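Opened a new page for this chain today. I want to look up its charged pairs first, then the overall layout.

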Amino acid sequence: MNLFLLLVVVVAAGAVLSVQAAINGRLGESVGVLRSSLLTFAVGALITGLLIVFFQPPQAMSLLQAPKWQLTGALFGVVYMLVMVGAVPRVGTAVATVAVILGQLGMGMLIDNFGWFDNPAIELSPSRLLAMLCLTLALLFMYRSSVRRCLLYTSDAADDLLCV
């Protein structure tokens with residue numbers, strides 16, 4: 001697969017994540033954040049299991065033989081899912097997605113710069129820092145535009161944001 005096609009596939013995967021966040025956010029409001037996350041992981045585990053059985057070629061190492069620190073990556077998916085299911089109904093899919101991407105970009109640049117987790121080191125350049133600044137500004141503008149449309153109202157039960 002050439003690099004351009006790979007990037008197109010990665011962008012499409014990002015679009016699917018936004019759709020997933022929007023749908024799971026609505027489901028989380030209906031059935032609860034934890035139940036929504038459980039459904040996502042259960043279905044994902046089932047589909048991944050089927051893909052392994054039918055399509056995965058044999059590997060040199062099993063999961064039980066992998067270095068234990070590499071297995072901790074699975075925990076971060078839980079954090080992402082719980083945060084997104086809770087955040088999307090409050091800040092919207094676009095703001096939540098840009099915030100996640102900002103966090104990914106920042107941590108990705110640190111991982112690249114220092115070569116953490118046995119990854120090749122890629123120097124932090126001025127153009128990478130500029131990209132981080134641009135994305136930070138994008139998040140700020142998007143968040144401010146969504147907040148301006150929300151009004152605080154008081155009910156007997158609690159103070160809530162009414163977004164129109």
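Predicted model: local features only at pLDDT ≥ 70, side-chain atom pairs only at ≥ 80, totals over all residues.

Started with Arg 26, which counts as exposed at 56% relative accessibility.

Next I looked for the partner of Arg 26. Its side chain meets that of Glu 29 in a salt bridge, 2.5 Å from N to O. Glu 29 has a relative accessible area of 47%, so I put it down as partly exposed, since exposed would need over 50%. Both residues sit in helix α1, which runs over residues 3–31. They are three residues apart there, so about one helical turn separates them.

How many salt bridges are there by this rule? I get two.

The other one joins the side chains of Arg 128 and Asp 112, at 3.0 Å from N to O. Here the partners come from two helices: Arg 128 belongs to α6 (residues 126–147) and Asp 112 to α5 (residues 93–114). The pair therefore ties together parts that are 16 residues apart in sequence. I checked the cover too: Arg 128 is partly exposed at 24%, and Asp 112 is partly exposed at 21%. Buried would mean under 20%.

Then I stepped back to the whole chain. I count six helices and two strands, in the order α-α-α-α-α-α-β-β along the sequence. Of the 164 residues, 15% are buried. The accessible surface comes to about 12200 Å², and carbon and sulfur atoms hold 73% of that.

Last entry, on contacts: among those with a separation of 6 or more, 51% are between residues 24 or more positions apart.

Conventions:
Residues numbered from 1 in each chain as written. Heavy atoms only, no water. Salt bridge = Lys/Arg side-chain N within 4 Å of Asp/Glu carboxyl O. Helix = DSSP H or I, 4+ residues; strand = E, 2+ residues; numbered from the N terminus. Buried < 20%, exposed > 50% of the residue type's maximum accessible area, 1.4 Å probe, protein only. Contact = heavy atoms within 4.5 Å. Areas by Shrake-Rupley, 256 points an atom, 1.4 Å probe, with all protein chains shown as cover.
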